[in-house]
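Thanks for making the time this morning. I would like to walk you through one structure, and please keep the picture in view while I talk.

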Amino acid sequence: MISIYTMCIDKLYNEYKEYALKHYKRHSLGSVHVAFIIKHKKIIAVAANKVGSRSNGSGYSAKSLHAEKAVVKALGDMSQLRGATLIVIRVMKGTQEINYSAPCHSCQCFLDKAQREWGLRRVIHS
Ligand SMILES: [Zn+2]
């Protein structure tokens, strides 16, 4: 059975999948995570991770900037996070398919904080 919540997620996901693909093409990277912050059905920030940041298994590298953090940085103003939705979509190299995207430990902590302290309403990973 599909819940209303799942339907909303699907709708959001389908809506922004196209956008993620366009962003991917512009960057011509390998596998890329593209993150969006959406508020009142408008994209208020978009960012992609830096090359190779999730390529070495554990998914964490101190040197790289992951999409989740990059998009908040791009937004600039934490107060804008209140009531917003953050979506992370992973686009695969070559096939440009959307793939499973899970936050690394560091980003999970960061996102928890964003929800707890800055009022980010929802986080969706592809
Ligand atoms: Zn991360």
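I will start with a strand and its partners, go on to a turn, and finish with a helix. Please bear in mind throughout that this is a predicted model.

Let us begin with β1, which is mostly covered, since seven of its eight residues are buried. On one side of the pairing, β1 runs antiparallel to β3, and seven bridges join the two; if you look for A35, you will find that its bridge partner in β3 is V88. β1 also pairs with β2, again in the antiparallel sense, over six bridges, and here F36 stands opposite V46 of β2.

Now, what happens in the hairpin of β1 and β2? There are two residues between the strands, and H40 takes a positive phi near 50 degrees. K41, which is found in the loop between β1 and β2, has a positive phi as well, near 65 degrees, and is likewise a residue other than glycine. That deserves a remark, because most residues other than glycine have a negative phi.

Finally, I turn to helix α2, residues 67-75, in which A67, E68, A70, V71 and V72 are buried. Against what do the buried residues of α2 pack? They pack against the strands β1, β2 and β3, and also against α3, residues 105-117. Just after α2 comes G76, which takes a positive phi of about 85 degrees.

Conventions: Residues are numbered from 1 along each chain as its sequence is written. This is a predicted model: local features need pLDDT of at least 70, side-chain atom pairs count only at pLDDT 80 or more; totals for chains, interfaces and linings use all residues. A residue is buried if 20 or more other C-beta atoms lie within 10 Å of its own, exposed if 12 or fewer, and partly exposed in between; C-beta atoms are placed from the backbone. Helices (H or I, at least four residues) and strands (E, at least two) are DSSP runs, numbered from the N terminus. Two residues are in contact if their C-beta atoms, placed from the backbone, lie within 7 Å. Two strands pair if DSSP finds at least two bridges between them.
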